[in-house]
Every structure is written in structure tokens, then in C-alpha cells.
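Hello,

Here is the structure I promised to pass on to you. Have a look at it first, and then read on for my notes.

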Amino acid sequence: MASQLLHAGFSAGLTFLLGASVLGVELRSQGVNTIVAVEGPMTWLWLGVAVVIVFFHQLFRPRIEALRRRTWGGSRFSLPPLLRNHAQRRLMIALVIGALLLFPFLAERSAIDLATLTLIYVMLGLGLNVVVGLAGLLDLGYVGFYAVGAYTYALLNNYFGFSFWEALPLAGIVTALFGYLLGFPVLRLRGDYLAIVTLGFGEIIRILLNNWTELTGGPNGISRIPKPTLFNLEFSRRADEGNIPFHEFFGIPYDPSYKVMYLYILALLLSLATVYVIYRLMRMPIGRAWEALREDDIACRSLGLNPTGIKLSAFTIGASFAGFAGAFFAARQGFISPESFTFIESAIVLAIVVLGGMGSQLGVILAAIAMTLLPEIAREFNEYRMLLFGLIMVMMMVWRPQGLLPLKRPQMELKRG
Amino acid sequence: MAESELLSVRGLSMRFGGLLAVDQVSMEVRLGEVVSLIGPNGAGKTTVFNCISGFYRPTSGEVLFKGRPMQRLPGFKIARAGMVRTFQNVRLFKEMTVIENLLVAQHMQAERNLLKGLLLTKGYRRREQEVMERAAHWLERVGLIDFANREAGNLAYGQQRRLEIARCMVTQPRLLMLDEPAAGLNPNETRDLNQMIVRLKQEEGITVLLIEHDMSLVMDISDRIYVVNQGKPLADGTPEQIQRNPEVIKAYLGEE
Ligand SMILES: Nc1ncnc2c1ncn2[C@@H]1O[C@H](COP(=O)(O)OP(=O)(O)O)[C@@H](O)[C@H]1O
Ligand SMILES: [Mg+2]
């Protein structure tokens, strides 16, 4: 108990010293002099509260942890048993999809817009999950593929007048090609080295887009990228020549929220397609091979699986999802520049995968929602966003390193009967 | 004679820096035989396996499988040719289930066309069904059918060893290479293993190359035995010949 007390006192003292030096005093320049200004009593009060909390938390930590362990049990919570039953599960999925489809007709425009953004991150998270969560290849340059997808649409439209629907499959193919090309040199690398090279790849793409001004417009980006159409109906007030606006076709007054709703529904359909395709892939030979490769590549080779081909397929397929997401992003924004594709985006998407629980699709979806909604809700703390982000990651690593909803085995069951 | 040779290793050597771990080892394995490779710890037996199965590139020597040279091929191609091995330390996909381990092993037999898989075509479903049935069949044979949907890492050690053999067998190999399969097994499990190898030989016509320390097992099931000591070939012959060979006795007694 004495050592507990000492430890708690030490922690509290450290908190006070750190807190006081960072929050309690401030250096101000007054003319040529620098003076030390002491903060007002409120700051000191809060600091006092923090010190007390740290003291008591450290003092009772063993007991708090024991309690936590008891209440959380094995800590590996899985889905409620309700979802185990096949028919009920189908019904549940249908209900959720129905609710998601209804959502834009009930919600505000800003909420719909935010939901669309969330869905883009869902797609990115699910795509990266193939590479990192399933195949176990740490890719820190995923944003590079996102950029390739976005610029593929933007450039094809700019130079050749491709519509969104014409460019979408091409964006997937071009990005898959980039994934394949990146895959080649990094195949022999593992772990940290792979992470560094892919990080470099993401940066190279961004720098290339920034400097190849003749083609990409450089830092000014590309603007006036058209929104997706619905069977050639446009969602703008006045359509380009040859096209008809949506509202005129149906004889209803123009409302800019139709566009927002349409974008949301498109994003939803693209996300659902992504979920389904990856769900199938996970249960197909290639998905099994990804997981096996993550676990033991030597055993894979001894069974006739070619690790090179399997890694390449993970990179290629994972990248193509970023390509689709990128093309959609370009269409939604109407304007893209290299600034949208910085490393921080890769970090956020990777955080989504890790937070969601490496491999599990539902986990990734929940994490994508959390990662995009939290910063919006905590708008006042805008300056501390990255701090918050870091804090959440650290807490996750300490308490739930396996992620929110770790991949639940088995994918394939032997049913006997 | 040459017709029935499945595997022939000629003058195989493997050098690690200053250490000549395998020095001019030659072996013949004929169709349908159980051949054992024995020798004291560190004799270079596993290294021979690694060279044959393509995990190491031998410094010199030749490995012919069905008359085709193998020594330049990568490990996965050698496995596809029909030579499959287990590892001295079990290497299962621990976080995958028992049945999934066997499904992964059948990657080459499965329908890998992405489009067919995504669209769940009839052909794809039939192939998956076959793969699943073969997996179930082998689980039945090694007595693990009740554990099909458990995580492989949670199996008892002896069960993991059996699963590793089943995982080799679903690939439908010609030559099964087992690296100390009885290590860590209790006498009952060792007896089961003995019976299993005999049955694999009789019923599946499989050829076995075995590394093993359990002498009663080796002497019981081997058709022929090769002995290596400090990387060098020491003797070869039938179990009776090996048991009577003074040099082998000396090498083994010397070890103790
Ligand atoms: N990859 C390697 N690098 C260096 N030395 C090795 C390597 N693999 C095996 N050896 C050495 O080769 C010798 C033979 O090892 P091994 O083939 O594992 O023996 P055994 O299987 O007969 O017990 C040992 O001295 C071992 O240290
Ligand atoms: Mg060995």
C-alpha cells in the first residue's frame, strides 16, 4: 500500500509539473522583453482537479482494472446471438439497408453530406482492410491509390470528356494497375520496410501530381469536374448542352438537395457493392490464401501457394477499391488538388482498419463512422482533433489491441448432416 | 529399377558460411516405399529436406523428382509437382479453423477464377463442394472431424501433428515428407501415427520420406533407411542391415 501511495503521489506530482508548465504559465513578449504570465485561477482549479483524478486513479488502479476485467469478461465481445441465425441475419441486413436508403429523405442536407463522406471512408477502409487486415501487408501509402482514382476520372473528363459512369470502371482498372506496379518492387519486403516503401509511394504520387503542372494543373488542381448523372439526367439547375436536368425531366421545381441525396445513394450503393465483393472474396480461395499468407508464408509455399501472386492480388484488388472511392470523391467534390491526398488521409484510413479490428468488415464500417463523425461532433475541439485522434489510438492499443470487432472465425464452416 | 524411382538425390551439399551442413548426400526413393533418414541431432537431416523441397538452394548436387530436375525450382512449384512436406515445428495456420487449413491447402485444386467466384457460378460451387468434401474426408481419416470448426491453434499437440499430415494429403501428393512427426507424441499417439503411415502407404499408395528419432517406429515401418552423421552419409540399407551396422551403432552410442 505504501508503494501504491508513493506511486500515486509521484504520478500526481508529475501531472502537476507538466500541467503547470504547459497550461499554467505563458511566455508573452512585451516590447523587447519576454515576461512570464501566470494564468488565472480557473486554470489552476482545473489543474488541481486533474491532479486529484490522477492521484486517485493511480492509487486504486489495480482495483479498477480487476473490476474492468470482471465486467468485460473475456473482453472478446462478439455479435449478439440474435445475428447468428441465418434468416434473422438476412432480415437484419435488409432492415439496415432499408433504413440507410430512407435516411436521405428524412435527414438534413448537411447530415446527408456528412454521411456521404463517411461512406467514402467506409469504402477506403474496406479496401485497405484487404491489404492490411486480411493479407497482413502494412500499406502506408494507400492514399496514393485514392489519388490515382480521383485523377483518373478528373483527367479523363478534362481531356476526353468521359462521364463519371464511363470513367468509374476505368478508374478501378487504372488504380488496380498501379497497385500491381507497386506490388512488384515491394514483394520481397516485409513489415517495417514495406511500410516505408508504400509510404514513399503515396508521397511520390502526391508530389508528381503537384509538379506535373501541364497535365494535372499542379497545386491548383482540377476544377469543374461534373457530378454523376442519373441516366444522363443532370442534377444541376441548368444542364450542359444535350443533357436535361433531373428536375425538368420530372417537372418538379429545382432543389439542390436532390443532388446531395443522389450522391449519398450512389455512395451507399458503391459501399454496399464493396462490402459484398469483399465478403465474397473472403470466402473464396483467394481470400483464404490472403489470410493463410498473413499467418505463415512458409507453410503456404510448402503447400504450393505462390506468395508473390497472392500478395500481388491483395495489392491489386485492394487498390482498385481506392480507385472507385477516388473517382467518386472527385465527382462529389467537383474539384480536386494534391492537397486532398496527403499522408494524413492514409493514416486515417489505416486507423479505421486498426480500430475496426483487422479483417472484420463490420468493425471497419463502425470505425469509419466513428472516425468521420467524432471530429464533426467535437467541432469545438477542432484544434485538438489530431490530439484526440492520437489519444484514441493509444487507448485502443492499450485496451483493445484486437480492434472493436475482431474478425470472427470461421469464414467457412463444415456443416454436417 | 530406374522406372520406379520417384525421387533421387545425388551428391547434395549445403554450405552455411564455414559450416558444411550437408556433404555429398545421395538417396533414392522408389514408388510406394517408406524411406527414413536418420542421424543424431544436427546431422543435417532437416537441411536435406529444405534442399529437396526448395526452401534452400543447395550448394551443389541434383534433386530429380519423377526424373525431372527440381533443385532450381522455388518451393511452391516443387510442392505443386507432388512433393509435400511437414515441418519439425508444426506450422499450421493457427488462427484459421481446422477445415480452413485444409481448404487453403487445396488452393491449386480450387476454382480460382475471380469472376466465377464472385458470381457463384455452378462450376465454382461444384469445385468448392469437392474441395470441402475432400477436406472432410481427410479430417475423418485423421480423426479430427469433430474439431472441423475449431481454431487450429487450439488443438492439442498430437492433433496438430495429425492435421499437418492431413493438410499435406489433401494436396494429393506423390511423395509425403515428414520431419520428425513423432516428436512430442506419447506412446499411444506414436502407435496411431505408425498405423496411419502404414495405411497411407497401403490405401493411397503414397511414398513416404521420413525423418524420425523414434527408432522403434523407424525400424518398424521403413523399407529402407539412410543414416547421416555430421552432414555426411554414413550408411544405408534395410532396417536389419542398419541395426547390425557397427558404424551406425558407434555413431549413436557416441552421441549418448
Ligand atoms: N539456415 C541455416 N543457417 C545456418 N546454419 C544452419 C541453417 N540451417 C541449419 N543449419 C545448421 O546445419 C546443421 C544441421 O542442422 P539440421 O539440418 O537442422 O539438423 P537435424 O535436422 O539433423 O537435427 C546444424 O549445425 C545447424 O545449425
Ligand atoms: Mg531436424
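An oxygen atom of ligand 1 sits 2.8 Å from a polar backbone atom of Lys45(B). Please keep in mind that this is a predicted model, so every distance here is computed from predicted coordinates. Two further contacts involve oxygen atoms of the ligand: one lies 3.2 Å from a backbone N or O atom of Ala43(B), and one is 2.5 Å from a side-chain N or O atom of Thr47(B). Taken alone, ligand 1 exposes 560 Å², and the protein buries 63% of that.

Which elements give two or more residues to the shell around ligand 1? They are strand E2 (19–30) and helix H1 (45–52) of chain B. H1(B) provides the largest share, three residues. The residues surrounding the ligand include Phe16(B), Leu19(B), Asn41(B), Gly44(B), Thr46(B) and Tyr56(B). Sorted by class, the shell has five nonpolar, five polar and one charged residues.

E2 also belongs to an open sheet of four strands in chain B, with the order E2-E1-E4-E5 and antiparallel pairing. The edge strands are E2 and strand E5 (68–69), each of which pairs on one side only. Inside that order, strand E1 (residues 5–16) and strand E4 (residues 60–65) of chain B are paired antiparallel over five bridges. If you want a spot to check in your viewer, Ser13(B) stands opposite Ser60(B) in E4(B).

Now to another part of chain B, around strand E7 (residues 175–179). Is this strand mostly covered or mostly open? It is mostly covered, with five of its five residues buried. Leu175(B), Met177(B) and Asp179(B) point one way from E7(B), while Leu176(B) and Leu178(B) point the other way. Asp179(B) is buried along with the rest of them.

E7(B) has parallel neighbours. Strand E6 (residues 83–85) of chain B is joined to E7(B) by three bridges, and the two run parallel. Strand E8 (residues 207–211) of chain B is joined to E7(B) by five bridges, again in parallel. Met177(B) takes part in both pairings: Met177(B) is the bridge partner of Arg85(B), and Leu209(B) in E8(B) is the bridge partner of Met177(B). From E7(B) the chain crosses through helix H7 (residues 187–204) of chain B to E8(B), and this β-α-β crossover is right-handed.

Best wishes

Methods. Residues numbered from 1 in each chain as written. Chains lettered and ligands numbered in written order. Predicted model: local features only at pLDDT ≥ 70, side-chain atom pairs only at ≥ 80, totals over all residues. Heavy atoms only, no water. Buried < 20%, exposed > 50% of the residue type's maximum accessible area, 1.4 Å probe, protein only. Pairing = 2+ DSSP bridges. Right-handed = clockwise from strand over helix to strand, strands pointing away. Near = heavy atom within 4 Å. Polar contact = N/O pair within 3.5 Å; in protein donor to acceptor, adjacent residues only side chain to side chain. Areas by Shrake-Rupley, 256 points an atom, 1.4 Å probe, with all protein chains shown as cover. Nonpolar A, V, L, I, M, F, W, Y, C, P; charged D, E, K, R; others polar.
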